[in-house]
Amino acid sequence: MEALQYTRIGAEPELVDIPTPEPGPGQVLLRVTAAGICHSDTFIMSLPTERYKYGLPLTLGHEAAGEVAALGAGVDSITVGTNVVVYGPWGCGLCWHCSQGMENYCSRAAELGIRPPGLGAPGALAEYMIVDSARHLVPIGDLDPVTTVPLTDAGLTPYHAIKRSLPKLRAGSTAVVIGSGGLGHVAIQLLRYLTPARVLALDVSEDKLKFARSIGAHHAVLSDTHAAEEVRKITGPAGAALVLDFVGLQPTLDLATSVAGVGSDVTIIGVGDGRSAAEVGFFRGAYETNVSIPYWGARHELIELIELAHHGALNIAVERFGLEDSVEAYRRLAAGTLEGRAVIVP
Ligand code: NAD
Ligand code: ZN
Ligand code: ZN
């Protein structure tokens, strides 16, 4: 089968021909129907050898949708032919966090060598992929896999982040979204659907701001050196109740902490350059600001998101590419010229 693999540190990923995998005991083989690409892939492919920990060659793709093609021995909770999406942050299933559905915070994954598909285990940018357990599948019924697959990460990550802050997002409050790309454009819509808050989006080009307004942002502001001032004109002295930073570079982290109001949440989702940090201290930032760094989301939250999709709550913007064009899709992602999510359709 064809697969897109990252094979050499610093090089672009390449299309290779590899054997089609067979499901072992407890595993499920999916025929991939859609796979989203994420800025995190670009980040890991930018890492030098000493900081790269995902194995080589790596079949990319941690947002996966597929049709169940074959079942390994002992799998009886799903049937061949079912259309599913994949819950990506695999855990052991047994520890306390996993028992809560929060496999994203599995306390034993590292020790057991359990890695998410596309971030250690073979991913979804291929004709077929192995899912380690039927527990990690969510049936999607008649939803379109192409517009549904981004929910597994570009949807799940902001959904988890926003749910934590719902009590703060009352009428009259402001939620600030920094970066209106793959994750940010879903965040804007989730904020509008789930809360009465005013939604203020930031990005670096007029096109992106226009896009942010078109999917529901009440305000869209350029993320430049005047951004904090512009944001404060809109929030007033109360500041923002929630800042979601989908970029995570020093200028956006500084913006996030400077516009956050008393008792607010500053939620850092963007990995940035992997080295930037939010500065908080007694005379730095508003009182009772909570800064957090959530990672992905919980299993039950993906099930909830798929329900929201069935309700027609979300309008996921996608640009489609064939597997043979996935290198081009990564170039567009790195250049910041995509609108919404790039989805590979093998
Ligand atoms: P993306 O490239 O689709 O979106 C990023 C957006 O930010 C783009 O629209 C870009 O124009 C904009 N941007 C760039 N610099 C900016 C700036 N200075 N100010 C405002 N906007 C700016 O990326 P994505 O796939 O949505 O991922 C976003 C980030 O989230 C990445 O860093 C990714 O690694 C990270 N991520 C984290 C998690 C997690 O669990 N914490 C999960 C998925 C992705
Ligand atoms: Zn991702
Ligand atoms: Zn666990």
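How many bridges pair strand β5 with strand β6, and in which sense do the two strands pair?

Author: Happy to. Keep in mind that this is a predicted model. Strand β5, residues 63-71, and strand β6, residues 83-86, are paired over three bridges, and the sense is antiparallel. If you want a residue pair to click on, take Glu67, whose bridge partner in β6 is Asn83.

Now stay on β6 and look for another partner. Strand β8, residues 137-139, is joined to β6 by three bridges, and these two strands also run antiparallel. Here the pair to find is Val86 with its bridge partner Leu137 in β8. That puts β6 in pairings with both β5 and β8.

Next, a glycine. Gly26 sits in the loop between β2 and β3, the latter being residues 28-37. Leaving aside residues up to four places away in sequence, Gly26 touches Gly72, Ala73, Val75, Asp132, Ser133 and Ala134. Its relative accessibility is 30%, so Gly26 counts as partly exposed. For a sense of scale, pick Ala277: it is 251 residues from Gly26 along the chain, and their C-alpha atoms are separated by 41 Å.

β2 leads us to another sheet. This one is open, has three strands in the order β2-β1-β4, and is paired antiparallel. Its edge strands are β2 (14-17) and β4 (58-59), each of which pairs on one side only. Between β1, residues 2-6, and β4 there are two bridges, with the strands running antiparallel.

The peptide bond from Leu56 to Pro57 is cis, with omega near -10°. Pro57 is placed in the loop between α1 (39-45) and β4.

As background, most residues other than glycine have a negative phi, and most peptide bonds are trans. Glu288 has a positive phi, near 60°, and belongs to the loop between β13 and β14 (290-292). Trp296 has a positive phi as well, near 50°; you'll find Trp296 in the loop between β14 and α10 (299-310).

Now the helices. α5 (residues 156-165) packs with α6 (residues 182-194) at an angle of about 40°, and their axes are 9 Å apart. That angle makes α5 oblique to α6. The crossing of α5 past α6 is right-handed. On the α5 side the contact is made by Thr157, Pro158, Tyr159 and Ile162, and on the α6 side by Leu183, Val186, Ala187, Leu190, Leu191 and Leu194. Sorted by class, this contact has nine nonpolar residues, one polar and no charged ones. The spacing of such residues has a simple background: an α-helix has 3.6 residues a turn, so residues three or four places apart point the same way.

The other helix pair to look at is α8 (residues 227-235) with α9 (residues 250-259), where the packing angle is about 30° and the axes are 10 Å apart. The two helices are therefore roughly parallel to each other. α8 passes α9 in a right-handed crossing. α8 brings Ala227, Ala228, Val231 and Arg232 to the contact, while α9 brings Leu255, Ser258 and Val259. By class, that comes to five nonpolar residues, one polar and one charged.

α9 has neighbours beyond α8, too. Its buried residues are Thr252, Leu253, Leu255, Ala256, Thr257 and Val259. These pack against α8 and also against the strands β9 (174-178), β10 (198-203), β12 (240-245) and β13 (260-268). Of those strands, β10 is mostly covered, with five of its six residues buried. β10 is joined to β9 by five bridges, and here the two strands run parallel. To find that pairing on screen, look for Ile178, which stands opposite Leu202 in β10.

How values were computed
Residues are numbered from 1 along each chain as its sequence is written. Chains are lettered from A and ligands numbered from 1 in the order in which they are written. This is a predicted model: local features need pLDDT of at least 70, side-chain atom pairs count only at pLDDT 80 or more; totals for chains, interfaces and linings use all residues. Side-chain values use heavy atoms; hydrogens and water are left out. Axes are lines fitted to C-alpha atoms, for helices over the stretch in contact, and angles run from 0 to 180 degrees between N-to-C directions. Helices (H or I, at least four residues) and strands (E, at least two) are DSSP runs, numbered from the N terminus. Angles under 35 degrees count as roughly parallel, over 145 as roughly antiparallel, 65 to 115 as roughly perpendicular and the rest as oblique. A crossing is left-handed if the near helix is turned anticlockwise from the far one by less than a right angle, and right-handed if clockwise. Contact means heavy atoms within 4.5 Å. Ala, Val, Leu, Ile, Met, Phe, Trp, Tyr, Cys and Pro count as nonpolar, Asp, Glu, Lys and Arg as charged, and the others, Gly among them, as polar. Two strands pair if DSSP finds at least two bridges between them. Buried means under 20% relative accessible area, exposed over 50%, partly exposed in between (1.4 Å probe, protein chains only).
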